[in-house]
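Subject: Structure handover

Hello,

Please find the structure below. My notes on it come after.

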Amino acid sequence: MAGAINFSEANHQNERSEMLKAFDATKSGVKGLIGSGLSKIPQIFARSSDELAHELTHNKTAQAEVPLIDLTGICDPERRDRIVEEVRIASETWGFFQVTNHGIPQIIIDEMIDGVNKFNDMAAEEKEKYYTRDLRRRVRFNTNFDLFNSKTANWRDTLGISFAADGIPSDELPAPCREIALNYSKHVVILGEILLELLSEALGLKPDYLKSMKCANGHLMNCHYYPACPEPELAVGTAKHSDIGFITILAQNEIDGLQVMYRDQWIDVHPLRGGLIVNNGDLLQVLSNGKFISNKHRVVANNIGPRISVACFFSGPLLNGEGMCYGPIEELLSEENPPKYREIVFGEYVLKFTKIGLDQYLGLDYYKL
Ligand code: OGA
Ligand code: NI
């Protein structure tokens, strides 16, 4: 019957929305929940039976692994050609690769992970000062940026730090990770610029092409904390998604969880000591006119933990970048290769992403020609 209200659905929605509000008001995240000892996950984190059934269609049988690229010898012209070729193949097939000998000392990565752990271990009263979803604040701690827009809450707390091209005032950062976040950020920007050069070359462009489009002007550092989950098969750490920026560099501790979609199957990305994960985002897929893919990935929940990861999104000029437009790069287009995406106005693009739950967002489908 058209227009009829489904009361049981409405009640269910109300109940869910009340539960979300109550949970959010604790300002202490998933970690705060489990602190009180928990044998079952609250309903807001339980995936639907449809989704759980769908899971079975992506059962793992393949033994594939994300490509591993050793950046040693990057200044040697012959060796660099090889590396660029490896980056090209990985970007066309997986949209993901793991780099080693990337120039960021292991101690810096370890201290960064440790800093995230220490932040999450702070007293609730200290942590809640940072609890917000207000994107105007440069430092934001919360459980799920999309808590009120998604179908299922994700088993994850996140400390997000927005670095402008000229950095961030250090006193805005939480003390337990202040020094190391600034230090890690400096290292990650250097690596980000190297990767943008390699990606430009892999597209057949001048090395500084992507950098000169300000792809590395500012980055968002999302420090994720995935507590051990009492019912991991029912929950999800991060819903399936692709990243919206140009590239992402991800550090993780030793606990499994990240999976990448490859040939219609979820493939585990096992943490490799000394390695960092690099993946292409939607904007790079657009710039490359679909040549480089921005692949779907997710994080499964685990009964051991915490799993900690630090995702640095190179998303262009985050501040004052609203008016920037990005479309397929002219030099890459031809009669045989017409544009596949329309121009994206950066500000609108980011706004759309933040208004829609990660598990509902259709990514580049909105922009296909
Ligand atoms: C992300 C992401 C993966 C992880 O933050 O976009 O995919 O391992 N994170 O936390
Ligand atoms: Ni991601």
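What follows covers the ligand site, one loop beside it in the sequence order, and a few backbone angles.

The model is a predicted one.

**Ligand site**

Ligand 1 sits in the largest pocket.

- His224, at 2.7 Å from an oxygen atom of the ligand
- Arg307, where the distance to a ligand oxygen is 2.9 Å
- His241, with a polar side-chain atom 3.0 Å from a ligand oxygen

How much of the accessible area of ligand 1 does the protein cover? On its own the ligand has 290 Å² of accessible area, and the protein covers 94% of that.

**The loop between β11 and β12**

Two residues in this loop are worth a look when you open the model. One is Asn302, which is placed in the loop between β11 and β12. Leaving aside residues up to four places away in sequence, Asn302 touches Pro227, Ala228, Cys229 and Pro232, and also Ile255, Asp256 and Gly257. With Asp256 there is a polar contact: the side chain of Asn302 reaches the backbone oxygen of Asp256 at 2.7 Å. Leu362, by comparison, is 60 residues from Asn302 in sequence, and their C-alpha atoms are 26 Å apart in space.

The other is Pro306, found in the loop between β11 and β12 as well. The peptide bond that joins Gly305 and Pro306 is cis, with omega at about 5 degrees. Most peptide bonds are trans.

**Positive phi values**

Which residues other than glycine have a positive phi? Asn101 is one of them, with phi near 50 degrees. Asn101 lies in the loop between β2 (96-100) and α5 (106-121). Arg263 is another, and its phi is also near 50 degrees. The place of Arg263 is the loop between β8 (258-262) and β9 (265-268). Most residues other than glycine have a negative phi.

Regards

Technical notes
Residues numbered from 1 in each chain as written. Chains lettered and ligands numbered in written order. Predicted model: local features only at pLDDT ≥ 70, side-chain atom pairs only at ≥ 80, totals over all residues. Heavy atoms only, no water. Polar contact = N/O pair within 3.5 Å; in protein donor to acceptor, adjacent residues only side chain to side chain. Areas by Shrake-Rupley, 256 points an atom, 1.4 Å probe, with all protein chains shown as cover. 1 Å grid on protein atoms, 1.4 Å probe; cavity = no way out; pocket = protein on both sides within 12 Å on 5 of 7 lines; lining within 4 Å. Sits in = over half its atoms within 2 Å of the grid points. Helix = DSSP H or I, 4+ residues; strand = E, 2+ residues; numbered from the N terminus. Contact = heavy atoms within 4.5 Å.
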